[in-house]
Amino acid sequence: MSCERLYLAPMEGVCDPPMRKVLCAVGGYDECFSEFIRVSDVVLPYKTLWREVPELREGGKTPDGTPVRVQLLGDRPGLMARTAKRAEEIGAKAIDINFGCPSRFVHHAGSMLLKEPSLMHEIVARVRDILEPETLLSVKVRLGFESKHEAPDIVQAIAVPGVNEIIVHARTRKELYREECLDWSALAPLHEFAGEAVLVANGEIVSLDSALECMRLSGCRRLMIGRGALMVPNAGHVVKDGAEPLSNSELLQVALSFMDELEARHFPEKSVMDRLKQFLGFARRHNPELTQFFKRVCKIGSASQARELLDVTIERGFPLTVE
C-alpha cells in the first residue's frame, strides 16, 4: 500500500509561518496546515487571519508552492462559520476544524468538545453550509475523550455531507501523546462511519516503516506527520518516494535556513535560539549522533555563535570535533 497524500501537521507552537516555509521547501508534503487560530468572542478580522496565515496573500501557498490549510478552533458555530467564510474570502482554499488539541489551556474547544458530539456536528454543519462547495473542509479529532469506544459516535457526528476529510489522531484526549497508547488499528472500523469523507491517520509517523505499518493497520492511505517532520525534515519524500533521510550536514543546513528565516522576520535573538534548540531537540531523537551537537548549542548564548558552530560543523561534518 502506497501513501496517497501526506500532510504536515498543524503543530501549535511549532508549525508557524517560518517553520512551514522551511519544512515545506525540503519536505515533499502535499499540503500543510496552519497552527490553530482561536475563535472566541467575535468573528476574526481579516488582519488576524493574514497575520496567522500570511500565505493567504500569496495564493494560500508557501513559497515552494505547498498549499496551506487554515485551521480554526472554537466552540461557537456562528462565529466559526463566519470566520471560515472570511478566510475563504481572502484566499483560503481549504479549512480545517480542530477538535483534537489536548492542551490544558484550551477549555471549551479543541478536544474538550469530543464529549459533545452534537455541538461538533452543529459547528461542522454551519461551516460547511457557509463555504463555497469547492472549498475543501476537513475536521481533526482524536479517538475519543476518555475511551476509543467513543470514536464511532464522534466520526458519525462530524461526517456531515460535504466534509472532505476526517483526520484522526490515534489516541484519546486522556492519553495525550503517550507512545504506549497509540492505536492505529482503532481507525480501521471508522471508515464505515465517515460517510463520503476520507479518513486521514495521524500519530507517531516518523519513518517509512511507521508509515507503512500505520497504513496497514488503519486502512488509511492519507497520512499526517507531526513531530516526525522535525526529526526527518524531508519526511514527505522519505514516505512517498522512498528517499533517504537527510544527512546530518543537510539537516543542519535546514536548521541554518530556519535561523535565517526567523531573523529575517525580526524574531528576538532569544526566540531564535529557543526555536533552534526546539528543532534540534526533536532531530536528535531520530539520530543520536546529533546529541552532542545539541548539547553544545544549548550552552551557546548568542545566535552568531550558534551560526558559527553550524557553519563549521556543516563544513567539517561528524563526529563533532570543534572546541
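Is E31 buried or exposed? I looked this up before anything else. E31 is buried, because its relative accessible area is 8%, and the cut-off for buried is under 20%. I keep in mind that this is a predicted model.

**Entry: the partner of E31**

I then searched for what E31 pairs with. R69 forms a salt bridge with E31, and their closest N and O atoms lie 2.9 Å apart. I checked where the two residues sit. R69 belongs to strand β4 (residues 68–74) and E31 to strand β2 (residues 31–33), so this pair ties together parts 38 residues apart in sequence. R69 has 0% relative accessibility, so R69 also counts as buried.

A network of salt bridges links E4, R5, E31, R69, E165 and R222. For the whole structure I noted 23 salt bridges.

**Entry: two other salt bridges**

I picked R216 and E213 next. Their side chains meet in a salt bridge at 2.8 Å, N to O. Both residues are in helix α6 (residues 208–218); they are three residues apart, so about one helical turn separates them. R216 is exposed, with a relative accessible area of 55%. E213 is partly exposed, at 30%.

Then I took R178 and E180. A salt bridge joins their side chains, at 3.5 Å from N to O. How accessible is each residue? R178 counts as partly exposed, with 37% relative accessibility. E180 has a relative accessible area of 63%, so E180 is exposed.

**Entry: nonpolar cores**

I turned from charges to nonpolar residues. The largest nonpolar core holds 107 residues. Which residues have the most contacts inside this core? I found F99, I166 and L280. Helix α9 (residues 248–264) gives the most to this core, namely eight residues. Another core lies apart from it and has five residues, including F36, L73, V106 and A109.

**Entry: a positive patch**

R284, R285, K295 and K299 form a positive surface patch. I checked one member, R284. R284 sits in helix α10 (residues 269–286). Its relative accessibility is 31%, so R284 counts as partly exposed. The patch cut-off is over 30% relative accessible area, and R284 has 31%.

**Entry: recap**

One is the buried R69 with its salt-bridge partner E31. The other is the positive patch with R284, R285, K295 and K299.

Conventions. Residues numbered from 1 in each chain as written. Predicted model: local features only at pLDDT ≥ 70, side-chain atom pairs only at ≥ 80, totals over all residues. Heavy atoms only, no water. Patch = residues over 30% accessible without salt bridge, like charges linked within 9 Å, V, L, I, M, F, W, Y side chains within 5 Å. Areas by Shrake-Rupley, 256 points an atom, 1.4 Å probe, with all protein chains shown as cover. Salt bridge = Lys/Arg side-chain N within 4 Å of Asp/Glu carboxyl O. Lys, Arg positive; Asp, Glu negative; His and termini not counted. Charge placed at Lys NZ, Arg CZ, Asp CG, Glu CD. Helix = DSSP H or I, 4+ residues; strand = E, 2+ residues; numbered from the N terminus. Buried < 20%, exposed > 50% of the residue type's maximum accessible area, 1.4 Å probe, protein only. Core = buried A, V, L, I, M, F, W, Y, C linked by side-chain atoms within 4.5 Å.
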